[in-house]
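Please open the model in your viewer and keep the selection tool at hand, as this tour moves from one group of aromatic rings to the next.

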Amino acid sequence: MDRKAVLTLLAAGLFSTGAFAGEPLPAPQIINVEARQTVSLDGLWKTIVDPYENGYYDYRRAPLRDRSSYFADDDFNSDRTKLYEYNFNTDRTLNVPGDWNTQRPELYYYEGTVWYRNRFPYHPKENTRTFLYFGAANYETVAGLNGSKIGRHTGGYTPFNFEVTGKLVDGENSLIVKVDNKRLAEGVPTLNSDWWNYGGITRSVMIVETPMTFVRDYFLQLKKGSSNVAAGWVQLDGEQAEQDVTIEIPELGLVKKVRTDASGYAGFEFRFRPELWSPEHPKLYEVRIIAETDSITDRIGFRTIGTKGTKILLNGREVFCRGVSIHEEKPYGMGGRAWSEEHARTLLGWAKELGCNFVRLAHYPHNETMVRVAEEMGLMVWSEIPVYWTIQWENPQTYANAEAQLRDMITRDKNRANVVVWSVANETPHGDARLKFLTSLIGKARDMDPTRLVSAAMEKDYINDSLITVKDELAEYVDLISFNEYVGWYDGTSEKCDRVNWTFGIEKPVFISEFGGGAVYGRHGDVNERFTEEYMEDLYERSIGMFERMPGLAGTTPWVLKDFRSPRRQMRDIQDDYNRKGLVSDQGGKKKAFYVMQRWYGKIREKEAAR
Ligand code: GCB
């Protein structure tokens, strides 16, 4: 079956991207939900740990009917003559949002199904549509409401919403969510990665209430190449598709009127003179989108991003991306997936302290708060999907899954001025099937959003012992020659940085998406001894020396801001399940290399200011 046929089936909900089939797919994503009328379902949920999926399949492994499955949310106490082998009421709780691995010691390595239940009161309102919105749940989710399944979603890091209009009852409602984080060969990411496979409902859950026809989505950014023309569109959802819609930016006295068509869509362009968003001046404007039946407010910034030769241009001026890579993990040894504003402010605060104007949010879309806080703090963002290492390049379902994650990432964050790079992959192996897969994703990203740069973290290749390049065929299709470098850690020892040189065949900005090495905070020793702060410090110093000889270098995002959990890192007393390449330890201690990087970024900033 070709890709188009699969996508058609997917769109029709007839094809499963994951382990489950038959349940409806989510409704199109509603953006900017925080600005809407919502009912939070966060808090303590009852849970059942179900490694054999007893609540979903019968003993012949056939899916159970809803009324016999755990979606029924039966209450043993209501009829003790009936045979039940589960009871949410007497089982234990987990916090939502939150990964399960760090909430209960026996779930530390757990990969499988956990059932979540929330019984909550609700009073349906007249003329109101309701959606059940998940910020994210890792990896495969099936949700059921008041005894019946309502839908399924695949992918651990993007938001999804099911329409539940007419399905919420007046009074107590039962919401059951089956979350399964089993790694899958055909999954995105696939079986192996270098981060913890945190399972669970890892981001907030809410009921979103909207008018019968509402503003589901909109795009408003500067038109590519222009600093005084905005281009965008609005998309209404509902029966009253044709409406007058006004876009207002009160601070600029701007009012633009459009009329949506029979599909609820209207494109627009207008001239204006906004103050531009930049790391030094992260200006955001209140924007109102007012339809006849609905209105929504956002805070939006305007800036241009582009490249010219080997330079990255922000608002038409050359900028060096002083970045750092970040995993979405809580700071200060709290453990687990980060999700709150406080987590975001701490992690991004460290990036600011390092001297950053840029962060690479690796290796999957982070929570929306992270992106919004970064925008407010003046940090440009590289955002990526978990197409990592060895995805099944030939599998059309894997492609459809990756593309859906890309679509949902772009849908959610396309109005954020700080997002400047969409990245489609990390360290993927050369080959025809992979090239086809990734160029299709690049095409999709450019179709959805022509205003930003598109890239992927590639790998380096040796021309000879002392000359390195990037030979990846993908370099032709992306805007940046970005690659993970690692001379002196996976490739020789630190001194090698002094001996090698770089050359690039294509004239594009060079971007080091990763480099670095590991050290245990407070572990001291000889510069040649791995895992000491001295080795790491020396490696950073020599890497910087090498970067200063690198033609066309336009940015770096060292690996990584903070030590993060990974089951690949097994050496006791040194790694203890942590990747130790953090500039900051898991407990928040700054390693010597942090200050090396901080000094270098300080120098670059001074040079730029003097220009
Ligand atoms: C890489 C990967 C990153 C790993 C890192 C490492 O190249 O992109 O996910 O964590 O190396 O520490 O090995």
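Select Tyr 56, Tyr 57, Tyr 70, Phe 71, Tyr 86, Phe 88 and Trp 115, which together form one aromatic cluster. Rings of Phe, Tyr and Trp (its six-membered ring) pair if their centres lie within 6.5 Å, with planes under 30 degrees apart counted as stacked, over 60 as edge-to-face and the rest as tilted. The model is predicted, so that local features need pLDDT of at least 70 and side-chain atom pairs count only at pLDDT 80 or more, while totals for chains, interfaces and linings use all residues. Residues are numbered from 1 along each chain as its sequence is written, and side-chain values use heavy atoms, leaving out hydrogens and water.

The pairing rule gives 45 aromatic pairs. Go next to Trp 100 and Tyr 110, whose ring centres are 5.7 Å apart with planes at 55°, so the pair is tilted. Both residues are buried, meaning under 20% relative accessible area, where exposed is over 50% and partly exposed in between (1.4 Å probe, protein chains only).

Finally, select Tyr 332 and Trp 350, an edge-to-face pair at 5.2 Å centre to centre and 75° between the planes. Tyr 332 is partly exposed, at 46% relative accessible area, whereas Trp 350 is buried at 4%.
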